Protein chains: 2
Amino acid sequence: MQIHINTSDGVPIYLQIVNQVKYLVAAGRLKAGEELLPIRTLAEKLVVNPNTIARAYRELEISGIVEKRRTSGTYVTDQGSPLARRERTKILSDRIDQLLAEAGHMDVSIEDLIKLLQQRFSVIQNSRLKDADDV
Amino acid sequence: MQIHINTSDGVPIYLQIVNQVKYLVAAGRLKAGEELLPIRTLAEKLVVNPNTIARAYRELEISGIVEKRRTSGTYVTDQGSPLARRERTKILSDRIDQLLAEAGHMDVSIEDLIKLLQQRFSVIQNSRLKDADDV
DNA sequence: CGTCTTGTATCATTCAATTAATACAACAGG
DNA sequence: CCTGTTGTATTAATTGAATGATACAAGACG
């Protein structure tokens with residue numbers, strides 16, 4: 001489980017972990033049922049307080065990405081499950097609502113917004129193809 | 001210029017002002033060239049520190065919504081101008097990029113994302129129709 | 001010119017989020 | 001059972017964002 005922390009970019013450590021685990025799961029590098037490193041082990045590896053890892057794992061659990069079994073460990077959940085899907089939709093909906101509010105303030109129509117979305121999507125797709133690295 | 005502050009909802013005062021001015025401009029209640037209340041005047045009206053208003057106005061200037069003339073006042077810019085339009089597009093693009101990153105992590109396709117966007121749009125539209133109040 | 005009003009800059013204070021220190025609770029497995 | 005490992009809970013320290021107090025700078029205008 002490859003996780004890297006940058007302590008000088010302003011992004012909270014627990015969030016960096018959340019995002020990277022999400023990525024690893026989405027990319028299939030962490031599969032359903034697989035166990036994450038125990039809180040203390042990962043904390044030691046990253047030279048970080050165990051509570052910080054605990055918080056990251058808690059958020060991942062709330063997002064439906066992992067499941068914790070009290071004295072056994074933390075495991076990747078089955079992402080295809082209806083609950084996981086509903087959770088993901090909920091998170092995206094919140095972001096979308098923010099975007100719509102902002103667009104409303106700026107008097108940008110839904111059609112223009114979708115155009116802009118598709119435009120940004122292709123831009124990002126193209127830049128991905130050129131890169132060797134992922135996030 | 002009707003602006004109301006809620007000091008107990010967690011949203012920073014300067015942000016409330018930014019959003020409400022954006023709304024007033026988008027709704028046409030503040031027109032291009034019109035002068036905003038001077039920093040001190042609005043601060044007194046809202047019982048808030050002038051620095052807080054200054055910050056709101058600064059952010060509005062960065063967003064291209066208003067323009068400040070050092071010893072004369074703060075004025076609404078021409079929103080139809082290419083510069084204002086480019087600024088708005090830039091702000092929305094940033095939000096969209098965040099959304100796309102999140103969707104990518106969650107393995108949600110661009111098509112599903114657009115569907116979700118349209119869905120949220122109608123939900124919000126419908127709830128707007130029922131309300132008497134605006135933001 | 002002088003003075004009033006405009007926005008600006010600097011520093012202090014407050015408060016919430018983040019991280020850390022430490023002790024607790026549950027249960028798997030010998 | 002008992003011991004080691006797992007996640008949990010509580011409390012404190014640190015940091016940064018938001019706001020405030022106060023003094024400065026520029027120019028409009030009489």
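User: How do the residues of the surface near DNA strand C divide by class?

Analyst: This is a predicted model, in which local features need pLDDT of at least 70, side-chain atom pairs count only at pLDDT 80 or more, and totals for chains, interfaces and linings use all residues. Residues are numbered from 1 along each chain as its sequence is written, and chains are lettered from A and ligands numbered from 1 in the order in which they are written. Ala, Val, Leu, Ile, Met, Phe, Trp, Tyr, Cys and Pro count as nonpolar, Asp, Glu, Lys and Arg as charged, and the others, Gly among them, as polar. On this basis, the surface near DNA strand C has nine nonpolar, 10 polar and six charged residues.

User: Which residues come nearest to DNA strand C?

Analyst: A residue is near the strand if its C-beta atom, placed from the backbone, lies within 6 Å of it. Of the 25 residues around DNA strand C, those that come nearest are A:Ile13, A:Asn49, A:Thr71, B:Pro38 and B:Ile39.

User: Which elements give two or more residues to the surface near DNA strand C?

Analyst: Elements here are DSSP runs numbered from the N terminus, helices being H or I of at least four residues and strands E of at least two. Both chains contribute: α1 (13–26) and α3 (50–62) of chain A, together with α2, α3 and β2 of chain B.

User: Where do the buried residues of α3(B) lie on the helix?

Analyst: A residue is buried if 20 or more other C-beta atoms lie within 10 Å of its own, exposed if 12 or fewer, and partly exposed in between, with C-beta atoms placed from the backbone. The buried residues of α3(B) are B:Ile53, B:Ala56, B:Tyr57 and B:Leu60. Seen down the axis, they fall within an arc of 95 degrees (taken from the directions from the helix axis to the C-beta atoms), so they line one face of the helix.

User: Which residues are exposed on the other side of α3(B)?

Analyst: The buried residues of α3(B) are covered by elements of chain B that include α1 (13–26), α2 (39–46), β1 (66–69) and β2 (73–76), contact meaning C-beta atoms, placed from the backbone, within 7 Å. On the other side, the exposed residues are B:Asn51 and B:Ile62.

User: What is the bridge partner of B:Lys68 in β2(B)?

Analyst: β1(B) and β2(B) run antiparallel and are joined by four bridges, where pairing requires at least two bridges found by DSSP. The two strands form a hairpin with three residues between them. In β2(B), the partner of B:Lys68 is B:Thr74.

User: Which helix supplies the largest share of the side of chain B that touches chain A?

Analyst: Here 29 residues of chain B are in contact with 28 residues of chain A. At least two residues each come from α1, α4 (82–105) and α5 (110–130) of chain B. The largest share, 15 residues, comes from α4(B).

Terms used. Contact = placed C-beta atoms within 7 Å.
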